[in-house]
Amino acid sequence: MIRLFRVSGRSMLPTLEDGDFFLALAVRNPLSLKPGTVVRLIHPHFGPMVKRLSGYDQHHHILLSSDGQTGADSADLGTIPAQAITHRMLFRIPRRR
Amino acid sequence: MIHQFIEKVAGDSIDDVAAHCDVPCAIYDPAPLLISALTVVRMIDIMEELESHKPDSNIAYQNTMARCVAQKEEHAEDVKHEVRVIWGDYLKAPQFEKFPNAHELVHNIMLTGSKCKQGVSRDDALKLVELCNEFAELFWATKGVETKRAVCPYKPSLETVYPVL
């Protein structure tokens, strides 16, 4: 139900830094999540990643964005079904204080 | 403190999630940086042209000048960004061995790009275009793609490197 994940990369700066942990709650109905939620998903090609949910399209695909300036967004990541989302972030456990 | 504790007791069992900046998509092309470098020259040309004519309206003059300055700034920065991406993400040890001047060339583009942001020297902007041409030739050479130089079919009508595909 609740899991810890470790962030690898800097595309979610300043929300999440490389090496941070975050505690996340399993998501049963991804379509109920509000845009702006930070989610953990399994991308069909690129595997597990953390992104910010920016919305849905009419086919229930999810739109994603990175918080960092150079991070990938939906234009790079392609269409992803909402079911790819497995968890939503509850809070961050920073690597550095 | 909490992070250290968790890392110590459960670090190995925690799954990584990627927050990588690059997918990687493997799409690299020096065309955008060349267009940006040409735009820097064009903006300086428009600014000089504007300055040489007595403005009908001071507000209109300032508006156009401000827009040109903003575009020059943006495109010079775009050059630096595009070069950095190719240098940092695409070029690797085998290319650096084959093209040992790559680092110096990229550094020169960075310096000249900044000069173009700071000033309005057309010579600096021309130098930026030439350095970008050399970088484009280097990039295509790493892929074994032949290049040619031709005058771009739009102002500022400068010699530009194109791949022969």
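Ground rule for my element names: helices and strands are DSSP runs, numbered from the N terminus. I also keep in mind that this is a predicted model.

**Entry 1: chain A**

The bond joining A:Leu13 and A:Pro14 is a cis peptide, and I read omega as about 0 degrees.

Next I went to the loop between β4 (47–56) and β5 (61–65) of chain A, the place of A:His60. This residue is not a glycine, yet its phi is positive, near 65 degrees. Buried or exposed, I wondered about A:His60? It has 11 C-beta neighbours inside 10 Å, so I put it down as exposed.

For the overall layout, I find one helix and seven strands in chain A. From the N terminus the order is β-β-β-β-β-α-β-β. Chain A has 97 residues, and 34% of them count as buried. Of its contacts with a separation of 6 or more, 52% come from residues 24 or more positions apart.

**Entry 2: chain B, overview**

Chain B has six helices and three strands, and I read its pattern as α-β-α-α-α-α-α-β-β. Here 25% of the 165 residues count as buried. Among contacts between residues at least 6 apart in chain B, 64% link residues at least 24 apart.

**Entry 3: α2 and α3 of chain B**

I looked up how these two helices pack. The angle between α2(B) and α3(B) is about 160 degrees, and their axes are 8 Å apart. Anything over 145 degrees counts as roughly antiparallel, and α2(B) and α3(B) are therefore put in that class. Their crossing is left-handed. On the α2(B) side I noted residues including B:Leu33, B:Val40, B:Ile44 and B:Met47, and on the α3(B) side residues including B:Tyr61, B:Met65, B:Cys68 and B:Val79. By class, this contact of α2(B) with α3(B) comes to 15 nonpolar, five polar and three charged residues.

**Entry 4: α5 and α6 of chain B**

How do α5 (102–118) and α6 (122–142) of chain B pack? They meet at about 150 degrees, with axes 9 Å apart. I therefore class α5(B) and α6(B) as roughly antiparallel too. The crossing of α5(B) over α6(B) is left-handed. Among the residues making the contact are B:Leu105, B:Ile109 and B:Cys116 of α5(B), with B:Leu128, B:Leu131 and B:Phe135 of α6(B). The contact of α5(B) with α6(B) has 10 nonpolar, three polar and four charged residues.

Then I asked which residues of α6(B) are buried. The list includes B:Ala125, B:Leu128, B:Val129, B:Cys132, B:Phe135, B:Ala136 and B:Phe139. Their cover includes α2 (31–52), α3 (58–90), α5, β2 (147–151) and β3 (159–163) of chain B. Just after α6(B), I see B:Gly144 with a positive phi of about 70 degrees.

**Entry 5: the β2–β3 loop of chain B**

Last stop: the loop between β2 and β3 of chain B, where B:Pro156 is placed. The peptide bond from B:Lys155 to B:Pro156 is cis, with omega near 15 degrees. B:Ser157 lies in the loop between β2 and β3 of chain B. Its phi is near 50 degrees, a positive value in a residue other than glycine. I counted B:Ser157 as exposed, because it has 12 C-beta neighbours inside 10 Å.

Notes
Residues numbered from 1 in each chain as written. Chains lettered and ligands numbered in written order. Predicted model: local features only at pLDDT ≥ 70, side-chain atom pairs only at ≥ 80, totals over all residues. Axes fitted to C-alpha atoms, helices over the stretch in contact; angles between N-to-C directions. Helix = DSSP H or I, 4+ residues; strand = E, 2+ residues; numbered from the N terminus. Parallel < 35°, antiparallel > 145°, perpendicular 65-115°, else oblique. Left-handed = near helix turned anticlockwise from the far one by under 90°. Contact = placed C-beta atoms within 7 Å. Nonpolar A, V, L, I, M, F, W, Y, C, P; charged D, E, K, R; others polar. Buried ≥ 20, exposed ≤ 12 C-beta atoms within 10 Å, placed from the backbone.
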